[in-house]
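Me: Hi! I have a structure open and would like to talk it through with you. Could we take it piece by piece?

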Amino acid sequence: MQMTHQTPRVRLDPRAAGELDADIVVVPAFERDGFADVPGLAQAAGGEALAAHDRGLFSGKLFESLMIGTQGAGWRAPRMVLVGAGAAASCTTDVLRRVAITGALAARQQRLRRVAVLVRPGTSVTAAEAAQAVAEGVTIANYDGASLKTADHDPVWLEEAVVAGAGGDAALPAAVERGVILGEATNQARALANEPGNRLTPRVFAERGAALAAAAGVGVEILDEHAIAELRMGLLLSIAQGSQEPPRLLVLRHEPAGAVSNITLGLIGKGITFDTGGISIKPAENMDKMKDDMSGGAAVIAAMTAIARLGAPVRCIGVVPMTENMPGGRAIKPGDILTSAEGKTVEVLNTDAEGRLILGDALWYARQLGVTHLVDLATLTGACVVALGKTTTGLFGTPSEWVEQIRLASDRAGDRSWPMPVFADYMEQLKSEIADMTNTGGRAAGAITGALFVKEFAGDLPWVHMDIAGTAWAEEPKPYQPKGATGVGVRTLVELALAAPSWSKLDFSEKS
Ligand code: BES
Ligand code: MN
Ligand code: ZN
């Protein structure tokens, strides 16, 4: 098998753009850009950069690009690529990260291995934020989604990436390192989520997740089917019983010295390695995509590695329930009543609503382990894709102050998300005649009733559910995002953990 991703050497270079020693310089280009702050650029581009706008070749709109061969003695790198960064005034870290990805992907397409990315002054972000975003971007660009091809595929990897033009701020080296670690973690999650269901079974997922986590210094424990049975996790076991593959529960622990007191962040990720729907089987069309139904679990694992490597000053416990959802001879059937580890009974109306079931037992277990704040990530509902589309993760939770912390973290991370209501009225839809609740609430408000089901297992803790059904997988390639797994949520969780010293002072006890 070929490699899925590699981490480039990322270094800061204080030299002027013309002096950079690279195969290609990536230049963020704004609308109506005169490049006045980049000495020598206009000459090196032989007039191309300035004339491009008039010729209709390049306008600086977001993420379009123009490759130019450079000329003259005043510019060392043989090529530059202008990457549209939109209006200078609205250039955020998000734009810079995507500009860096776009430029670095263009470099790899040209089989170039040494790239420099220019940070330009005049944007509203600090030099350290910009450097981090660029480091993230070049690392995220060093990912290859076709790693199982054995012929006609020879990807080029970036070996070196230079962050230029950022100045000499003392915070820069740490910012670059943070960016590289966040980029690597994003790629780890993408690699796991892209892996087909036959190769990434629950057992393999647990082993690989444990290996990644242990290598980063995270404490690791794998519960097998016997340990899971011992804990009476009836929801997880019931989904697993339709498959030949036994389930796993991966538990990850980050327990740093000097952690903020009285806080343990619980991160729970849905780990369905393949979702056929079970007896309520899905249509054949696009079912192949359901190999990504463990994206939430992958995000939790990858985030835990970054949290440990960055030494986030907060205790974190990751819990990832892992199983296939298959229609085997022992599979659960519509109408079956299941008993969760907590003792709650569930009437199964649709075996395809399996994610909420395995999350229920996992949230309960995280509470047994002493977490104080909960965040779960799951490719939970098609309804969330209908509501928010492919770019925005749905946020569901309580209290709203806690939801807001996750929203802010996702903003910093460049993972778009938006809050949705969790009014108790919706619980009507989950009423069962014979059990505590049903596992589906019909078509109306499908993403919300899915979230409310999960909420039943959050106890009284502050809890947020992130529905990443739309955002975990990119269907259409974009200049900054190839088709395939996106790694959504990884950087959000890391940002949330890094910000713990500030949110730990807030009171989230008033749960509705
Ligand atoms: N894994 C799916 C949700 C999903 C759908 C993710 C499309 C990504 C794209 C989940 O397990 C599921 O099947 N949900 C059902 C719930 C329904 C039966 C209440 C759905 O959304 O149809
Ligand atoms: Mn399903
Ligand atoms: Zn599913």
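This is a predicted model: local features need pLDDT of at least 70, side-chain atom pairs count only at pLDDT 80 or more; totals for chains, interfaces and linings use all residues.

Me: In which sense do β2 and β5 pair, and over how many bridges?
Reply: Strand β2 (residues 24-29) and β5 pair in the parallel sense, over three bridges. Helices (H or I, at least four residues) and strands (E, at least two) are DSSP runs, numbered from the N terminus, and two strands pair if DSSP finds at least two bridges between them. Residues are numbered from 1 along each chain as its sequence is written, chains are lettered from A and ligands numbered from 1 in the order in which they are written, and side-chain values use heavy atoms, with hydrogens and water left out.

Me: Thanks! Which residue of β5 is opposite V25?
Reply: That is A116.

Me: And how many bridges join β5 to β6?
Reply: Five, and β5 and β6 (residues 160-164) run parallel. The chain gets from β5 to β6 through helix α4 (residues 127-140), in a right-handed β-α-β crossover. Right-handed means that, with the strands pointing away from the viewer, the path from the first strand over the helix to the second runs clockwise.

Me: Is β5 mostly covered or uncovered?
Reply: Mostly covered: four of the five residues in β5 (residues 114-118) are buried. Buried means under 20% relative accessible area, exposed over 50%, and partly exposed in between (1.4 Å probe, protein chains only).

Me: New topic, the metals. What coordinates the zinc ion (ligand 3)?
Reply: K270 (NZ), D275 (OD), D293 (OD) and E354 (OE) do, at 2.0 to 2.4 Å. Donors are N, O and S atoms within 2.8 Å of the metal (3.2 Å for Na, K and Ca), and water is not among the atoms, so sites may look incomplete.

Me: What geometry does that zinc site have?
Reply: The zinc site is octahedral, with angles of 78 to 174 degrees among six donor atoms. Six donors count as octahedral if opposite donors are over 155 degrees apart and all others between 65 and 115.

Me: How far is the manganese ion (ligand 2) from the zinc ion (ligand 3)?
Reply: They are 3.1 Å apart, and D275 coordinates both. D275 lies in strand β10 (residues 271-275) and E354 in the loop between β13 (345-347) and α10 (355-368), so the pair ties together parts that are 79 residues apart in sequence.

Me: Last one: is E354 buried or exposed?
Reply: E354 is buried, with a relative accessible area of 0%. D275 is buried too, at 2%.

Key. Four donors count as tetrahedral if all angles lie between 85 and 135 degrees; four count as square planar and six as octahedral if opposite donors are over 155 degrees apart and all others between 65 and 115; anything else is irregular.
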